[in-house]
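This report is for a reader who has not seen this structure before. It goes from the whole chain to single residues.

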Amino acid sequence: MTTLASGADTLTRDALTVLQPGFTGTTAPDWLLRRLGEGLASVGLFGRNIASPGQLAALTAQLRAERDDVLVAIDEEGGDVTRLEVRSGSSFPGNHALGAVDDVELTRAVAHELGRRLASCGVNLNWAPSADVNSNPSNPVIGVRSFGADTELAARHTAAYVTGLQSAGVAACTKHFPGHGDTAVDSHHSLPRIDVTADVLTDRELTPFRAAVAAGTRAVMSAHILVPALDPDLPATLSRRILTGLLRGELGYDGLIVTDGMEMRAIAGTYGIERGSVLAVAAGADAICVGGGLADDATVLRLRDALVAAVRAGELPEERLADAADRVRALARWAGTADRSPEDARGDDIGLRAARRALTVTVAPGLERPESFKPLTEPPYVAALTPVANIAVGDETPWGVAAELIHLLPGTVTGSFSAEDGKDGKDGKDRRADEDGTSGASAGRAALQAAGPRRIVAVVRDEHRHPWMASALDTLLAARPDTIVVEMGVPQAAPRGALHIATHGAARVCGRAAAEVITGLAGITGL
């Protein structure tokens with residue numbers, strides 16, 4: 001292990017140890033290596049840091065050359081939220097697809113294979129899985145990142161995911177405690193509020209987290225949400241009642257508590273990241289995640305100095321900071337000695353096979369039998385009705401079925417259509433231009449004109465949350481009832497179209513599975 005710089009006293013070293021910063025670039029900058037030598041113990045990776053598995057392995061080796069026990073964390077959920085495959089789309093379906101299959105052994109195996117790939121690149125902490133129960137269908141940030149709206153289903157798959165991931169030697173970080181599923185606001189933009197009783201929270205939100213604790217999750221991530229039934233004043237990340245009283249005390253959790261990104265507006269816009277970080281550690285958090293948008297040495301120094309100053313001013317007990325740093329080091333020790341179970345015999349294509357099993361296919365009522373649907377043999381026109389991407393997913397990750405259809409049916413043409421007025425800039429949701437859906441109808445007419453005589457494949461994502469999208473689909477189906485509809489979000493809206501395929505996620509393999517059905521490579525089953 002690297003010897004710490006002689007000028008770093010214990011307090012300063014502990015303050016650095018509890019930080020999980022990000023950085024820019026595909027190699028480690030000098031400032032980051034210098035801080036690792038002074039006590040920084042964790043680094044967070046994002047899509048901007050990854051070009052290929054080989055490059056990622058070289059990057060993590062560079063970090064370990066400076067500090068051999070460094071925790072290298074990543075936000076790799078599979079499905080819609082991927083960093084390993086941010087430019088191509090994930091080889092693994094996300095939680096909602098796995099929940100739709102409801103085979104806990106499949107979930108365990110998918111998580112194990114994902115963990116194996118992370119471990120082979122030198123990553124040893126994954127900010128996953130999402131244990132949130134997606135009880136609010138209008139949720140703009142969780143959606144297909146959840147295993148589903150059923151509490152017990154979410155609990156058993158959360159436990160299976162934790163077990164599978166950690167069997168590959170990668171620590172799971174179950175999120176977003178105490179549950180982000182019943183929110184209508186994205187905490188990247190502002191502070192969500194959950195107004196339900198303590199009994200509802202106990203029976204619904206907390207159940208998957210109990211399952212994760214029982215499964216031995218090595219880390220838990222807090223949510224930037226206000227839950228008045230638990231703490232009427234402070235969001236969960238800053239609440240001692242929630243982190244120490246509930247998570248540590250009532251749930252008996254003894255592992256690492258990580259905050260969600262402190263630069264998110266729910267915290268940064270209200271408390272500021274320095275004050276927020278001090279309050280979070282005082283409340284019981286052990287690691288401060290920062291770097292999704294703030295990724296430089298100045299930020300690390302500001303947070304380090306804020307923690308040191310708070311201890312010296314008596315606002316943060318030195319014992320609490322030392323305890324937090326010890327928990328970070330304990331997880332690093334586990335990561336360095338964790339047993340890895342053998343590779344799953346099912347092989348590398350388990351993600352695609354899981355995506356195929358997750359499909360729900362509905363044939364129009366006029367076609368009495370599945371075999372009545374004639375697969376496409378001529379290149380279609382793919383009309384992607386594109387919503388505003390939430391920040392967790394990012395705009396850079398491709399989605400849809402166009403690329404897979406182009407591969408299977410060369411000559412396929414595609415276009416993207418969206419509401420004319422886009423997002424409202426406050427909560428990341430699409431807004432309707434007017435009450436009669438003119439914006440969506442206009443998008444539908446534009447798609448019809450672009451398609452010409454070609455068969456249309458309309459691809460939507462959470463149709464139920466976007467009135468303009470539903471209106472665009474109305475326009476398409478009125479003119480072209482033979483349109484095939486692919487829903488790649490939560491399939492809350494009623495199926496429609498000559499063929500309706502719900503993929504339960506927008507990962508690349510989900511698009512591949514849908515394209516196989518559309519072109520006849522896979523039969524229509526389960527109807």
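Contact here means heavy atoms within 4.5 Å.

## Overall picture

The model is predicted. Among contacts in the protein between residues at least 6 apart in sequence, 78% join residues that are at least 24 apart. The secondary structure comes to 17 helices and 14 strands.

Of the 527 residues in the protein, 61% are buried. The protein exposes about 18,900 Å², and carbon and sulfur atoms supply 51% of this area.

## Cysteines

The structure holds zero disulfides. Cys173 is in no disulfide, and the nearest cysteine sulfur, that of Cys289, is 8.6 Å away.

Cys173 is buried, with a relative accessible area of 0%. Cys510 is also buried, with a value of 1%.

## Helices α5 and α6

Helix α5 covers residues 104-120 and helix α6 covers residues 151-166. Their axes come within 7 Å and cross at roughly 35°. The crossing of α5 and α6 is right-handed.

On the α5 side, the contact is made by Val104, Thr107, Arg108, Ala111, His112, Leu114 and Gly115. On the α6 side, Arg156, His157, Ala160, Tyr161, Gly164 and Leu165 take part. The residues of this contact divide into six nonpolar, five polar and two charged.

The peptide bond from Lys175 to His176 is cis, with omega near 0°. His176 is found in strand β5, which covers residues 171-177.

The peptide bond from Phe177 to Pro178 is cis as well, with omega near 5°. Pro178 is placed in the loop between β5 and α7 (198-215).

## Asp254

Asp254 is found in the loop between α8 (240-250) and β7 (256-258). Is Asp254 buried or exposed? Its relative accessible area is 58%, and the cut-off for exposed is over 50%, so Asp254 counts as exposed.

Leaving aside neighbours within four places in sequence, Asp254 is in contact with Arg248 and Arg327. Asp254 and Thr217 are 37 residues apart in sequence, and their C-alpha atoms are 9.7 Å apart in space.

## Helix α17

Helix α17 (residues 508-518) is mostly covered, with nine of its 11 residues buried. The buried residues are Val509, Cys510, Gly511, Ala513, Ala514, Ala515, Glu516, Val517 and Ile518.

What do the buried residues of α17 pack against? Their partners are the helices α13 (350-358) and α14 (402-408), together with the strands β12 (456-460), β13 (484-487) and β14 (499-502). Just after α17, Gly520 takes a positive phi of about 85°.

## Positive phi at residues other than glycine

Asp462 is not a glycine, yet it has a positive phi of about 60°. Asp462 lies in the loop between β12 and α16 (467-479). With a relative accessible area of 12%, Asp462 is buried.

His504 is likewise not a glycine and has a positive phi of about 65°. The loop that holds His504 is the one between β14 and α17. His504 has 7% relative accessibility, and buried means under 20%, so His504 counts as buried.

Conventions:
Residues are numbered from 1 along each chain as its sequence is written. This is a predicted model: local features need pLDDT of at least 70, side-chain atom pairs count only at pLDDT 80 or more; totals for chains, interfaces and linings use all residues. Side-chain values use heavy atoms; hydrogens and water are left out. A disulfide is a pair of cysteine sulfur atoms within 2.5 Å. Buried means under 20% relative accessible area, exposed over 50%, partly exposed in between (1.4 Å probe, protein chains only). Axes are lines fitted to C-alpha atoms, for helices over the stretch in contact, and angles run from 0 to 180 degrees between N-to-C directions. Helices (H or I, at least four residues) and strands (E, at least two) are DSSP runs, numbered from the N terminus. A crossing is left-handed if the near helix is turned anticlockwise from the far one by less than a right angle, and right-handed if clockwise. Ala, Val, Leu, Ile, Met, Phe, Trp, Tyr, Cys and Pro count as nonpolar, Asp, Glu, Lys and Arg as charged, and the others, Gly among them, as polar. Accessible areas come from the Shrake-Rupley method with a 1.4 Å probe; for residues, only the protein chains shown count as cover.
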